[in-house]
Amino acid sequence: VQADGTDGNCVTFVLHEEDHTLGNSLRYMVMKNPDVEFCGYCITHPSESKINFRIQTRGSLPAVEPFRKGLNDLMGVCQHVLNTFEVRLLSEERRGL
Amino acid sequence: PLAAAAMAAKRGTDEMRDRVVLGEFGVRNVHTTDFPGNYPGYEDAWDQRRFEEAFRVDIIREEEGALEFDMVGIDAAIANAFRRILLAEVPTMAVEKVFVYNNTSIVQDEILAHRLGLIPIRADPRLFEYRNQGDEEGTEIDTLQFQLKIKCSRNPQAAKESSDPNELYFNHKVYSKHMTWVPLGNQTDLFPDADFRPVHDDILIALLRPGQEIDVLMHCVKGIGKDHAKFSPVATASYRLLPDITLLQPIEDEAAEVLQKCFSPGVIEIQNIKGKKVARVANARLDTFSREVFRHDGLKNLVRLARVRNHYIFSVESTGILPPDVLVSEAIKILMGKCQRFLNELDSVPME
């Protein structure tokens, strides 16, 4: 992970060994944050597996905060999806399907 | 009038927010737009509680190798992430190195090795570790060893005139059932009840004639689909959005018959109301959207074809290594692992 930008509000993170799988889902979670003015990601070159993930915040919030919040929110979503899925599986098994 | 216009406008934005509309010449409203600030009056900021209330999973059909389930209330980015992980990042065990001691068959060494690599091996990858880079030997915690030793010979009891190879030769077809597990080190103690073998016994590997022999030793390692497609645990994993067909005006009589033929069977049903035949959308889920209705000028403006943006119908077919419900759980855990990795890095590396 590398950070690079003019001040703390506009930061481009370089995530190694990642692609659209994490990039797009993380971009969605960060965009849902009302403090974020701009969020996007791009794959610099298809032969290298790294993405440039840019966050610009409204106001004076340091850009690392929406990044961290996005990651935590995505963890929360996955955890809830996993729990719901396993609960449904168990209830289907119990019904003998 | 003002209230009606406002209602119509709201319906329009609602449609833009949660339907992907299939027009005659293109698809509209493809991208998710419900981010905070885009729509005044809508609460779009991320709220875990609101998400949990709206989210649900329904298991539609579970067969031995295939699972069809619905995820409602999630966005395309995350559904696609699960699909990509199922295809490329859930690990499995597959043959990686083939030590050829003797191969006098007609199949070249490298072709034989390639074929052996593609055979799915029934071994739970969660019991094994990844092999360290640069480690050539392979230890018992990251490698499974298989042996394939087979020799073709002539059958002395065959009839003189027969030309059926099944009668004339022994072992002329090399199947995957001829692969035997050779335990390494303390694997017999680690896995006392395990029975490591290929998932299917009847995969034809090579054909032999008398005098030809194959004697190879294979090492299986743990890998992911991103590295080589042989490690992919799913035959395929795909999703589609739930179709949503609305009839903008009542359609009767012959038009109703034509409409029923435009869609997949079971989607439109014709009811007899007061002597007239009236069409009704019975089960939009079955439709495959061939858009036949746009070829009929009389019907194309009376029907709206759309898809529900956040209702995903997943279909996961496993190759047999792991059951499909385990695969989906593993995929979700892998996405969590990725997030955790970056959270740990954020905490450990000081940001300048």
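Ser25(A) is buried, with a relative accessible area of 0% (buried means under 20% relative accessible area, exposed over 50% and partly exposed in between, with a 1.4 Å probe and protein chains only). This is a predicted model, in which local features need pLDDT of at least 70 and side-chain atom pairs count only at pLDDT 80 or more, while totals for chains, interfaces and linings use all residues. Residues are numbered from 1 along each chain as its sequence is written, chains are lettered from A and ligands numbered from 1 in the order in which they are written, and side-chain values use heavy atoms, with hydrogens and water left out.

Ser25(A) lies in helix 1 of chain A (helices, H or I with at least four residues, and strands, E with at least two, are DSSP runs numbered from the N terminus). Leaving out residues up to four places away in sequence, Ser25(A) touches His20(A) and Leu74(A), and also Ala77(B), Ile78(B) and Ala81(B) (contact means heavy atoms within 4.5 Å). The C-alpha atoms of Ser25(A) and Leu71(A) are separated by 9.6 Å, with the two residues 46 apart along the chain.

Chain A contains 2 helices and 4 strands, in the order β-β-α-β-β-α along the sequence. Of its 97 residues, 48% are buried. Among contacts in chain A between residues at least 6 apart in sequence, 54% join residues at least 24 apart. The accessible surface of chain A is about 4,700 Å², and 50% of this belongs to carbon and sulfur atoms (areas from the Shrake-Rupley method with a 1.4 Å probe; for residues, only the protein chains shown count as cover).

Helix 3 of chain B (residues 76-88) has 13 residues and reaches 18 Å from its first C-alpha to its last, close to the 18 Å expected at 1.5 Å a residue (the expected span is 1.5 Å times one less than the number of residues). Its buried residues include Ala77(B), Ile78(B), Ala81(B), Phe82(B) and Leu86(B). Their cover includes helix 1 (20-31) and helix 2 (64-94) of chain A, together with strand 4 (66-72), strand 15, strand 18 and helix 8 (324-348) of chain B.

In helix 7 of chain B (residues 253-262), Ala256(B), Leu259(B) and Cys262(B) are buried. These residues lie on the same side of helix 7 because they cover an arc of only 115° around the axis (the arc is that of the directions from the helix axis to the C-beta atoms). Glu254(B) and Lys261(B), on the other side, are exposed. Among the elements covering the buried residues of helix 7 are strand 15 (234-247) and strand 18 (303-318) of chain B.

Over all chains there are 13 aromatic pairs (rings of Phe, Tyr and Trp, the last by its six-membered ring, with centres within 6.5 Å; planes under 30 degrees apart count as stacked, over 60 as edge-to-face and the rest as tilted). The ring centres of Phe128(B) and Phe191(B) are 5.3 Å apart and the planes are at 40°, so this pair is tilted. The pair links distant parts of the chain, with the two residues 63 apart, and both Phe128(B) and Phe191(B) are buried. One aromatic cluster is formed by Phe85(A), Phe69(B), Tyr239(B), Tyr312(B) and Phe314(B).

The charged end of Lys222(B) sits over the ring of Tyr130(B), 4.8 Å from its centre (NZ of Lys or CZ of Arg within 6 Å of the ring centre and within 35 degrees of the ring normal). Arg341(B) lies over the face of Phe342(B), at 4.9 Å from the ring centre.
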